[in-house]
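Me: I would like to learn how to read a protein structure, one feature at a time. Can we go through one together?

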Amino acid sequence: MALKATVFKVQLQIADMDRHYYQDHSLTLAQHPSENDERMMVRLLAFAINASDTLAFTKGLSAEDDEPELWDKTLSGEINLWVEFGQSDEKWLRKAAGRAKQVQLFCYGGRSVPVWWKNNQQALQRYQNLSVLEIDETAVAQMAKLVSRNMNLQCNISEGQIWLSDAEQSVLIEPVILKTAQ
């Protein structure tokens, strides 16, 4: 019997002083059985960083091979933003860069990220519309402690620092920008 996704309800209040974006979002996150809490929270973080009225989660890990897990599409179907997670291979990122105006990759995983980046940095430099961000493993672990089936979170972004909080605890996230889109 196949395992089903676990559904999480999230009330997310975003105050992004860097982009002057202030909005509340009611989200439903489906956590695939193979996905851990850390990865799910990195997806939520990516949503908070890029939040807009048109940003949406797709069908997730079990989705078609031709769409990301998070994207921003126009009404005409053009992809403004394609967001990937983990340590994607160059072939997959090339496909994303060819289809979207902007591509973001959120890397996490501690000591394996610098090794992955060293092996892929040169090949990824050619993609002008690709940004690569590294999220510190300590921050990822702390974000996972915020997980509950019904989350009420606040996200404050200012000068590149991100504070993600619930009623009891706060996590400081300072993404390291490995590559910026040009």
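Me: Where is Arg94 placed?

Reply: This is a predicted model. Arg94 sits in helix α2.

Me: Which residues of α2 are buried?

Reply: Glu90, Leu93, Ala96 and Ala97. Viewed down the axis of α2, these buried residues fall within an arc of 120 degrees, so they line one face of the helix.

Me: Why can residues that are three or four places apart point the same way?

Reply: An α-helix has 3.6 residues a turn, so residues with that spacing point the same way. In α2, the face turned away from the buried side carries the exposed residues Lys91 and Gly98.

Me: What do the buried residues of α2 pack against?

Reply: They pack against β5 (79-85), β6 (100-107), α3 (112-124) and β7 (130-134).

Me: Where is Ser88 found, and what is in contact with it?

Reply: Ser88 is in the loop between β5 and α2. Ser88 has 9% relative accessibility, so it counts as buried. Apart from neighbours within four places in sequence, Ser88 is in contact with Leu93, Leu105 and Trp116.

Me: Is Gln104 buried or exposed?

Reply: Gln104 lies in strand β6. Its relative accessible area is 11%, so Gln104 is buried. Setting aside neighbours within four places in sequence, its contacts are Asn50, Leu81, Trp82, Val83, Glu84 and Ser131. For Glu84, the C-alpha to C-alpha distance from Gln104 is 6.2 Å, although the two are 20 residues apart in sequence.

Me: How do the axes of α1 and α4 cross?

Reply: The axes of α1 (residues 37-50) and α4 (residues 137-144) come within 8 Å and cross at roughly 95 degrees. An angle of 65 to 115 degrees counts as roughly perpendicular, so α1 is roughly perpendicular to α4.

Me: Which residues meet where α1 and α4 are in contact?

Reply: From α1 there are Asp37, Glu38, Met41, Val42 and Leu45, and from α4 there are Val140, Ala141, Met143 and Ala144. By type, the residues of this contact divide into seven nonpolar, no polar and two charged.

Me: Which residues of α4 are buried, and what covers them?

Reply: Ala139, Val140, Met143 and Ala144 are buried. Seen down the axis of α4, they fall within an arc of 140 degrees, so they line one face of the helix. Their cover includes α1, β9 (161-165) and β10 (170-173).

Me: Which residues touch the most other members of the largest nonpolar core?

Reply: A nonpolar core is a set of buried nonpolar residues joined through their side chains. The largest nonpolar core here has 40 residues, and those that touch the most other members are Leu12, Met41, Phe106, Met143, Leu153, Leu164 and Ile173. Helix α1 gives the largest share of this core, nine residues. A second, separate core of 17 residues includes Trp71, Ala96, Leu124 and Tyr127.

Me: What is in contact with Leu164?

Reply: Leaving out neighbours within four places in sequence, the contacts of Leu164 include Leu12, Met41, Met143, Leu153 and Ile173. Among the others are Gln154, Gln169 and Ser170.

Notes. Residues numbered from 1 in each chain as written. Predicted model: local features only at pLDDT ≥ 70, side-chain atom pairs only at ≥ 80, totals over all residues. Heavy atoms only, no water. Core = buried A, V, L, I, M, F, W, Y, C linked by side-chain atoms within 4.5 Å. Buried < 20%, exposed > 50% of the residue type's maximum accessible area, 1.4 Å probe, protein only. Helix = DSSP H or I, 4+ residues; strand = E, 2+ residues; numbered from the N terminus. Contact = heavy atoms within 4.5 Å. Axes fitted to C-alpha atoms, helices over the stretch in contact; angles between N-to-C directions. Parallel < 35°, antiparallel > 145°, perpendicular 65-115°, else oblique. Nonpolar A, V, L, I, M, F, W, Y, C, P; charged D, E, K, R; others polar. Arc of directions from axis to C-beta.
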